[in-house]
Amino acid sequence: MASLTDSVGVLKGVGQKRLVGLNKLGINTINDLLTYYPRRYDDLSIKDLATAADGQKVTVKGIIIAEPTVTFFGRKRSRLVFRIKIADNIYTVSFFNQPWLKKEVSANDEVIVFGTYNQARNTVQGMKILTAQTANSFDSIYPANKEVKQATIKQLIKLAFDAYQPLLVDIVPASLRRRYRLESFHDTIKNIHFPESPKAAQRAFRTAKFMEFFLFAMKVQILKGAHRKTDPAAQIDYDPKVLDKFNAQLPFKLTSAQTKVVREILADLKRPIQMNRLLQGDVGSGKTVVAAIAILAAISAHKQAAIMAPTEILAEQHANSFASMFAGLNVNIVLLTGATSAAARRSMLPRIADGEVNLIVGTHALFQDDVHYANLGLAVIDEQHRFGVNQRQALRQKGTSTNMLAMTATPIPRTLAITMYGDMDVSVIDQLPTGRKPIKTTWIQSAKTDSAIGFVKKQLRQGNQVYVVTPLIEESEAVDMKNAVAIFERFRAIFEPDYKVGLLHGRMSNQEKDDAMVAFKNNQFQVMVATTVIEVGVDVANANTMLIFDADHFGLAQLHQLRGRVGRGSTQSYCILIADPKNEIGKQRMKAVASSTNGFFLSQKDLELRGQGDITGAKQSGMPDFKVADPVGDLNILTVANEEAQNITAEKDWKTKPENVQLAKYLQMNQTINYH
Ligand code: ADP
Ligand code: MG
């Protein structure tokens, strides 16, 4: 029996080679193919050039007035030129590198050309020659590759649609389709691939976006439900007396925001349900001590706790601070990272496996195959956005009923939170400890770089240390490294031998990076030239100044995170942004960072000024893979779809309601959320 899950290999014309090509485009099944949406549409309706704008893509019809000519440049390049008459005007049409088209055109023929209009020159740069049948339509343009061409994809979609259209049943419940005036799934697919007008395509896309968000939100709700299953083994029956003792020996009082999130976490731990909570808090808001309390709660209930950090140096920092915070509280700590020697590891693993060790601090090493835990009651993930979903799960699965606390300083506006971590409960520390001196941030033009360097000298003379962050030119570590090295040399020339300059970039091995950070922490360097690899939380209290070159190349949230590296000691801290933004938005962005120290405000601002990529960081993993919907641009649809998914799943018997039967069936077969 035919099914939408059939392989595209069943279609006529799909052999082994094409199948591989299609797979590369992410198309495996008929359903994948039918939901492989066009990137854009070319409007092939014939245009009157008198009203066309310069640079616009147009379709024109005219009479060729002289024999076309082809000129070759070298072996591969060529230009086909002819002149056409439309009404009483003459235009020149040229086609590059398609010499074979000459066969299709000759003097006195009528011709229909699709191409780009150049008003000043009265020319059309041709892209394709159309026939009377293909003109006057909307041509869907798909992302293609070497193995499967544009035209093939189109053909296959047509084939698949014709054969499988009876199977395109509605998954979205009828009441929702009515309420939001959505099209049927059948019409959505039809109008996306073969629209009769741009309006028709637009309407269909609206439905497709709703559907995508809605199904995502349904999966999230189901996942949440699964986590919420009663699991007595997940219950942490902590000893409040131990926690009181810990609080009493802390050198400071918790802020009220910290107290609030601690209460939320402890309430979760006490429930016979696995905790799945995200702790959000700006850099320096004091997440570590909150994690410490959760850890101690687990240990006081005779369970193990693990905390995983993205870098060795951060893990080491945590191990040290926990050792001093937990002094006298019967906590037995080990540090397990990639740098742990084989001998140390050999003696450590059995002690973890038999439960003698109750706090394991480390990096990715924590979830390696040969690491076994006696009873992992709590897994804490620090800087969780640095880990993939699978890595976080891998640690959690080291125990059978493990509670999870994920921490992040990346401030995500609430509205976006559902897409980033929909199945988690969220706690927010929205307050910094009192007595902090806010970092003074200024923005200067690059012409004033010398005065910034003068300022750096002054800070160095006073015994402070300085970070110099090098520009993010493109998403390439090789290029970024080159920049870092160039600036490193420049700063050495300026400051050595009086002060030593260090270098840190992403191309260094983990060991080299850690060595450089440790040396900086020990004040062996006074100036640290670095790429964004310093973004993640190592405390160097003596560093009070940060210089950021080409600051406008960074996202606001990222700048905020970066400058969080200073301002950790008692002296006044400074951040100098050097940037020559090209436009008004760029200027506003720099002003925003200079005037606000609130990470949530900045990420909201970023959203307004630039879009989502910046907040989530293009390189960051963990965003769901949406095909057509955009969590920022289509936020309204997302919000509504999410509400509706919550309403549906709030009813116990939703799966058996007639209007939900197809939905339940679909979700049964498609449970996973794909992230990239
Ligand atoms: P982050 O949330 O960025 O991980 P940390 O947990 O590293 O922040 O805390 C930053 C600094 O603030 C640490 O030196 C920590 O000891 C200190 N700190 C945390 N909570 C408080 C508090 N309530 N009062 C004063 N200092 C605090
Ligand atoms: Mg931290």
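Hi everyone, let me start with the ligand. The shell around ligand 1 divides into four nonpolar, six polar and five charged residues; here Ala, Val, Leu, Ile, Met, Phe, Trp, Tyr, Cys and Pro count as nonpolar, Asp, Glu, Lys and Arg as charged, and the others, Gly among them, as polar.

Before going on: this is a predicted model, where local features need pLDDT of at least 70, side-chain atom pairs count only at pLDDT 80 or more, and totals for chains, interfaces and linings use all residues. Residues are numbered from 1 along each chain as its sequence is written, chains are lettered from A and ligands numbered from 1 in the order in which they are written, and side-chain values use heavy atoms, leaving out hydrogens and water.

Which residues come nearest to ligand 1? Of the 15 around it (a heavy atom within 4 Å), they are Lys253, Gly284, Lys287, Thr288 and Arg436. A polar backbone atom of Lys253 sits 2.8 Å from a nitrogen atom of the ligand. For Gly284, a backbone N or O atom is 2.6 Å from an oxygen atom of ligand 1.

Now the sheet. Seven strands form an open sheet with parallel pairing, in the order E11-E12-E10-E13-E14-E9-E15. Strands are DSSP runs (E, at least two residues), numbered from the N terminus, and two of them pair if DSSP finds at least two bridges between them. At the edges, strand E11 (333-336) and strand E15 (425-429) each pair on one side only. E11 runs parallel to strand E12 (residues 359-362), joined by four bridges, and Leu335 stands opposite Val361 in E12.

Definitions and conventions:
A polar contact is a pair of N or O atoms within 3.5 Å; within protein, one must be able to donate a hydrogen and the other to accept it, and residues adjacent in sequence count only if both atoms are side-chain atoms.
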